[in-house]
Structures are given as structure tokens and as C-alpha cells.
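Take a look at the model below. The walk goes from strand pairing to a hairpin, then to a cavity and the domains.

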Amino acid sequence: MFTRQTWLILAIAILAAAAGGWLQHRRRLAHVPAGVQVANVGDLRPDLALPDPDGQSHRLSDYSGRRVLLNFWATWCGPCLDEMPLLDQAQADYGPGGVRIVGIAMDDPAHVRRFLAAHPLHYPVLIGQLDAPSTSLRLGDEAEVLPYSVLLDAAGHVLAVRRGPLQQAQLHAWLAPGNP
């Protein structure tokens, strides 16, 4: 049986854990500037206009009508670069079936152009806004960690998000025909 002292210690530990969780939650919310809408699973993605590496503007709605995988990356991000061959192959495998992968580089456009000249990709790359609120934050990446991926349905609703590199099994589950 628990003694009174054991119950007191247990109660203090539970309160400390709850306070820590609440503070962590508040800290994450504090990172989002006032008035900025962050897309969550189920929400319609914001229809942002982003330039490609050559400066031509594209709207995210330009890709509506089929599932879209938005992959946020940077030239300095090792895990981002490690997953790129997998994404490039996935575009070749699933693209004809109606899935579109769109890379969003959270990087300097000159760095992206140099990278793409040396490592061409078979999917479009856009340049994300780095200034607050960043493009990745607006699409749910509250921690602004790269790589970060967002799966959209054909109408532009957020189906799923992933912080960190995608693994082949998860990518297949997201992109295979007949999967939501």
C-alpha cells in the first residue's frame, strides 16, 4: 500500500508532468505570430504564391485536381538531401497515376539554382518564404524542422504531415493508388 508520503510524491510528479506538457504546448503556440493561420490535418491548405528558382510565381492551387506531396527542404539539410532520390523515384513511379510531388526549398534561391544544376529533379521546386511567417509554418510545421512533408488531397486539404525524412514504406502508403 502507498503511504501518505508516496501519494504526495506521486501527486507532485503528476502535476509537474502536466505543467511541463502545458508549458511545451504554450511555447509551440507562442512561436506562431499573432493572426497567422497554421494549416492542420483536415484544413484547406493556404493558396500561397511561391516563386520557382527562376523567379516565376506559382500558386499552390495550380496543383489542385490530384494528390500533392509538398516536401520542404534546404540545400544545407543532410536528411533532406538523403530523401531526395526516394522522392524523385516516387514521382516517376506515381506521377503518371495522378500524384504530384512539389519540393519547397527553404533556402536562398541562388543556392537552390546551383544545387538543381548539379542534381536535377523530376518534380517542380518552389522557393519558400523564410521570413516570419515562413511557408513551412503556414503549412503546419510549427517547429520549423526540415525535412517536413505535407500530403494534400485533390481539393487541397491536408491529409497528413511528417516531420523528418520520409521512409519508403510511408511514402508508398501516402502515394499508392487508392490510398486516401
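How many bridges join strand 4 to strand 5? Three bridges join them, and the two strands run parallel. Strand 5 covers residues 125-127. Helices (H or I, at least four residues) and strands (E, at least two) are DSSP runs, numbered from the N terminus. Two strands pair if DSSP finds at least two bridges between them. Gly103 stands opposite Val125 in strand 5. Between strand 4 and strand 5 the chain passes through helix 3 (residues 109-118), in a right-handed β-α-β crossover. Right-handed has a set meaning here: with the strands pointing away from the viewer, the path from the first strand over the helix to the second runs clockwise.

This is a predicted model: local features need pLDDT of at least 70, side-chain atom pairs count only at pLDDT 80 or more, and totals for chains, interfaces and linings use all residues. Residues are numbered from 1 along each chain as its sequence is written, and side-chain values use heavy atoms, with hydrogens and water left out.

Strand 4 also pairs with strand 3 (residues 68-73), in the parallel sense and over six bridges. Here Phe72 stands opposite Ile104 in strand 4. A right-handed β-α-β unit is made by strand 3, helix 2 (residues 78-94) and strand 4. Strand 4 itself spans residues 100-105 and is mostly covered. Five of its six residues are buried, that is, under 20% relative accessible area (1.4 Å probe, protein chains only).

Now the hairpin. Strand 6 (residues 148-152) and strand 7 (residues 158-163) run antiparallel, joined by five bridges. Tyr148 has Arg163 in strand 7 as its bridge partner. Five residues lie between the two strands of this hairpin. In the turn, Gly156 has a positive phi of about 95 degrees.

Gly156 turns up again in the lining of the largest cavity, where Leu152, Asp153 and Ala154 are also among the residues. Other lining residues include Arg45, Tyr63 and Val68. A cavity is a set of points on a 1 Å grid over the protein atoms alone where a 1.4 Å probe fits but cannot get out; lining residues have an atom within 4 Å of a point. The structure holds one cavity of 30 Å³ or more. The largest cavity has about 30 Å³ of space, a volume being the space filled by probe spheres set on the points.

Last, the domains. Domain 1 is 1-30 and domain 2 is 43-175, with bounds from an automatic or database domain assignment. Their centres, taken over C-alpha atoms, are separated by 39 Å.

Notes
1 Å grid on protein atoms, 1.4 Å probe; cavity = no way out; pocket = protein on both sides within 12 Å on 5 of 7 lines; lining within 4 Å. Buried < 20%, exposed > 50% of the residue type's maximum accessible area, 1.4 Å probe, protein only.
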